[in-house]
Amino acid sequence: MAHINENFLKLAPSYLFSDIAKRVSAYKEANPQKNIIRLGIGDVTRPLAPAVIEAMHKAVEEMASSDTFRGYGPEQGYDFLRKAIVDNDFKARGIDISMDEVFVNDGAKSDTGNIGDILGLDNKICMTDPIYPVYVDSNLMAGRNDIIFCPCNKDNDFVAELPKERVDVVYLCYPNNPTGTVITREQLKKWVDYAIANNTLIMYDAAYEAYIQDKDIPHSIYEIPGAKKCAIEFHSYSKTAGFTGVRCGYTIVPLELEVAKASDGTTIQLNKLWLRRQCTKFNGTSYITQRAAEATYSPEGREQIQNTIRYYMHNAEIMRDAFKEMGLEVFGGENAPYIWVKTPNGMSSWDFFDKLLTEANVVGTPGVGFGPAGEGYFRFTAFGKTENCILAIERIKNIL
Ligand SMILES: *Cc1c(COP(=O)(O)O)cnc(C)c1O
């Protein structure tokens, strides 16, 4: 009989969003007349930019004619998109990334989850807590169990302290989901210096870099000298340009990045291994989608996606100010679409969830759902409609 990968049995059941859905539907059933506002989803709501839609229509037309039809494309992405990425996301910021360091994909979840394919199973991994669950679960699925967690809370400004023991791999995500907080250049430099000194590989998730407003906050880890020797970086058009349903992102694996071959101590270029892995298991992002991603860099596309980001960040500002006025301790929301609130009077994350649901008819996300260090915190997202944010604030004000 075939047998399963028993590592899957080690995964904690993913209760968070199903628990939320269960509590919301039970409440709705008992109170069908109540209008519930959802400020918990991590999905965007604004439509795609017109420049993106236009590029997709044009690409569809090309697919309709034998002269311009495209079948399989390069696994690592078309050159037109890789060039646009290099020029706009890196060269424009003074960062030297070459096209063959760019791997276009169908979203950052895939690559943050798959990157472990090219790493050994006995690596010691360090993650921050609270955290995006993909990093943990994908490592557990592979059979990598040696994981330590560095708590992020208000005492350390939501930036983890360097681990006391040496680790092989570190996952960092800034601007952070779920806390909405950022890392300064000086703080990030400490991690890069640690990584270089300890031969540690950093997995840097920059999915929210487009939300950075403060000029001093780094958009890419490669802004830090030496980072190309120690870091892989993940980007996504999902939050940047509303591509959660379109599916496109990219990963940077620098050519300089070398990792040890445990069997004989020599080193190997990770870029080559990742290319080999992608060419075997991935057949490229669709042509239409890559043209859509390219359009986010045109002058009109840029302006349009910036307008949408401004819309979400305006929501974040309204919520931040209102929560502060209510006397809540508020974090994040200045350079990210997430607001991380300390629950009042030491309430647990779930007690606060129930209070908001039943008394204010507002749904958010309990912080503890992202890890034990999230207990006593609550996440609101700025991805909703402004009028709903305002209404939710009024209701929360009335019950606190
Ligand atoms: C939303 C998100 C992503 C992006 O996922 P996609 O697969 O590109 O949609 C990556 N990392 C984090 C932390 C996220 O919240």
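**Figure 1. Contacts of lysine 228.** Lysine 228 touches Asp96, Ile97, Glu101, Tyr222, Pro254, Glu256 and Leu257, leaving aside residues up to four places away in sequence. The model shown here and in the other views is predicted. Lysine 228 belongs to the loop that runs between strand 6 (201-205) and strand 7. Is lysine 228 buried or exposed? Its relative accessibility is 14%, so lysine 228 counts as buried, the cut-off being under 20%. Valine 192 is 36 residues away from lysine 228 along the chain. The C-alpha atoms of this pair are separated by 9.5 Å.

Figure 2. The ligand sits in the largest pocket. Helix 4 (108-114) and helix 7 are the elements that give two or more residues to the shell around the ligand. In total, 14 residues surround the ligand. The closest are Tyr208, Ser236, Ser238, Lys239 and Arg247. Which atoms of the protein lie 2.9 Å, 2.7 Å and 2.6 Å from the ligand? For lysine 109, a backbone N or O atom lies 2.9 Å from a ligand oxygen. For aspartate 205, a polar side-chain atom lies 2.7 Å from a ligand nitrogen. For serine 236, an N or O atom of the side chain is 2.6 Å from a ligand oxygen. How much of the ligand does the protein bury? Taken alone, the ligand exposes 390 Å², and the protein buries 93% of that.

**Figure 3. Serine 236 at the ligand.** Serine 236 is one of the residues closest to the ligand. Serine 236 is part of strand 7 (residues 231-236). Its relative accessibility is 8%, so serine 236 counts as buried. Which residues does serine 236 touch, not counting those up to four places away in sequence? They are Ala108, Ala207, Cys248 and Gly249. The side chain of serine 236 also has a polar atom 2.9 Å from the backbone nitrogen of serine 238. Serine 238 is itself among the residues closest to the ligand.

**Figure 4. Helix 9 and its cover.** Why is helix 9 (residues 287-295) largely enclosed by the rest of the structure? Seven of its nine residues are buried, so the helix is largely enclosed. The buried residues of helix 9 are Tyr287, Thr289, Gln290, Arg291, Ala292, Ala293 and Ala295. What covers them includes helix 2 (50-63), helix 3 (79-90) and strand 2 (102-105). Helix 7 (237-241) and helix 10 (299-325) are also included in that cover. Helix 7 is also one of the elements that give two or more residues to the shell around the ligand.

Figure 5. Most peptide bonds are trans. The bond from aspartate 129 to proline 130 is cis, with omega near 5 degrees. Proline 130 is placed in the loop between strand 3 (125-129) and helix 5 (133-142). The bond from asparagine 177 to proline 178 is cis as well, with omega near 15 degrees. Where is proline 178? Proline 178 is in the loop between strand 5 (169-173) and helix 6 (185-198).

**Figure 6. Two asparagines with positive phi.** Most residues other than glycine have a negative phi. Asparagine 199 has a positive phi, near 55 degrees. Asparagine 199 sits in the loop between helix 6 and strand 6. At 67% relative accessibility, asparagine 199 counts as exposed. Asparagine 345 has a positive phi of about 55 degrees, although this residue is not a glycine. The loop between strand 12 (338-342) and helix 11 (349-360) holds asparagine 345. Its relative accessibility is 78%, so asparagine 345 counts as exposed.

**Figure 7. Leucine 9, before helix 1.** Leucine 9 is in the segment before helix 1 (16-30). Is leucine 9 buried or exposed? Leucine 9 is exposed, with a relative accessible area of 60%. Methionine 141 is 132 residues from leucine 9 in sequence. In space, the two are 8.6 Å apart, C-alpha to C-alpha.

Notes: Residues numbered from 1 in each chain as written. Predicted model: local features only at pLDDT ≥ 70, side-chain atom pairs only at ≥ 80, totals over all residues. Heavy atoms only, no water. Buried < 20%, exposed > 50% of the residue type's maximum accessible area, 1.4 Å probe, protein only. Helix = DSSP H or I, 4+ residues; strand = E, 2+ residues; numbered from the N terminus. Contact = heavy atoms within 4.5 Å. Near = heavy atom within 4 Å. Polar contact = N/O pair within 3.5 Å; in protein donor to acceptor, adjacent residues only side chain to side chain. Areas by Shrake-Rupley, 256 points an atom, 1.4 Å probe, with all protein chains shown as cover. 1 Å grid on protein atoms, 1.4 Å probe; cavity = no way out; pocket = protein on both sides within 12 Å on 5 of 7 lines; lining within 4 Å. Sits in = over half its atoms within 2 Å of the grid points.
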